[in-house]
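Trainee: Hi! Could we go through this one together?
Mentor: Happy to, let's have a look.

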Amino acid sequence: MEGDFLDWALADCSGYVAADELYDGPFCMLSVVDNRCDKRLLYEVLDHDPTHEDIRAFLGRLKTALAARGLTLCGVTTDGSALYPAPLREVFGKVPHHICQFHIVAEVVKAVLGAVASARKGLAATQPKLPKGRPRTQAAKAAARTKKRLAAQGAALFTSRYLFVQRHLNKTERKTLWRVSRGLPQLRVLRAIIEQVYALFDRRCRTQTALAKLAKLRRHVQRFTSLGDTLKKLFAPT
């Protein structure tokens, strides 16, 4: 039965597949899907969390099925899990391995939102401490105004944090973003960088153009050493 199914599934195999795992309670289902034809080629249900040995055996089944039909694997797409890189190299050698667009964007968005949260904490930490009671001296009044301004900016950053990762911004949203990030140039840099990340996945973009954009983006990020840990995912070989 499996042989007949594989004959059908691999009849028009594109050579580009996506491998993923789906968890349901104590069970995990491994699956491989043809990227271009949207056909599931293989699956396996485990009663435990997968290990490198499980992934290696599963990929070995895929290699055997392809070899039996004279087919060649051209590329593999996975999520950011550490389960796949080593077994893929062992089973398929130098076949290109890519991380899917969704997981890349999700990781960058998470990192940028984390940086915005850190900026808010930084604003809170710089608020001057005021003595109890109503400020009476000029210095105390100035400190009170500064504290009020920083608290308002921190609240605005929290309310408008989605603007730093939203794909498209209208004119009003850009004005709001510019206002809440006043005095925080690192956040404006992050917004510019995430726009470049979205541009990498423009469907109208050729592969070589996207790779050139990625190289430019990496050079841009390297200019800001403070962002190195935040955006380290952009330097992954996959």
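Mentor: Helices (H or I, at least four residues) and strands (E, at least two) are DSSP runs numbered from the N terminus. This is a predicted model, where local features need pLDDT of at least 70, side-chain atom pairs count only at pLDDT 80 or more, and totals for chains, interfaces and linings use all residues. Residues are numbered from 1 along each chain as its sequence is written, and side-chain values use heavy atoms, with hydrogens and water left out.

Trainee: New topic: how many disulfides does a search of the whole structure find?
Mentor: It finds 0, taking a disulfide as a pair of cysteine sulfur atoms within 2.5 Å.

Trainee: Is Cys13 buried or exposed?
Mentor: Buried, at 18% relative accessible area, whereas Cys37 is partly exposed at 28%. The cut-offs are under 20% for buried, over 50% for exposed and partly exposed in between (1.4 Å probe, protein chains only).

Trainee: Which residues are buried in helix 2?
Mentor: Asp54, Ile55, Phe58, Leu59, Leu62, Ala65 and Leu66. They cover an arc of only 125° around the axis, so they lie on the same side of helix 2; the arc is that of the directions from the helix axis to the C-beta atoms.

Trainee: What's on the face turned away from that buried side?
Mentor: The exposed residues Glu53, Thr64, Ala67 and Ala68. After helix 2 comes Gly70, with a positive phi near 70°.

Trainee: Last one: which residues touch the most other members in the largest nonpolar core?
Mentor: Leu157, Phe164 and Leu187, out of 30 residues. Such a core is a set of buried Ala, Val, Leu, Ile, Met, Phe, Trp, Tyr and Cys residues joined through side-chain atoms within 4.5 Å. A second, separate core has 25 residues, including Leu6 and Tyr84.
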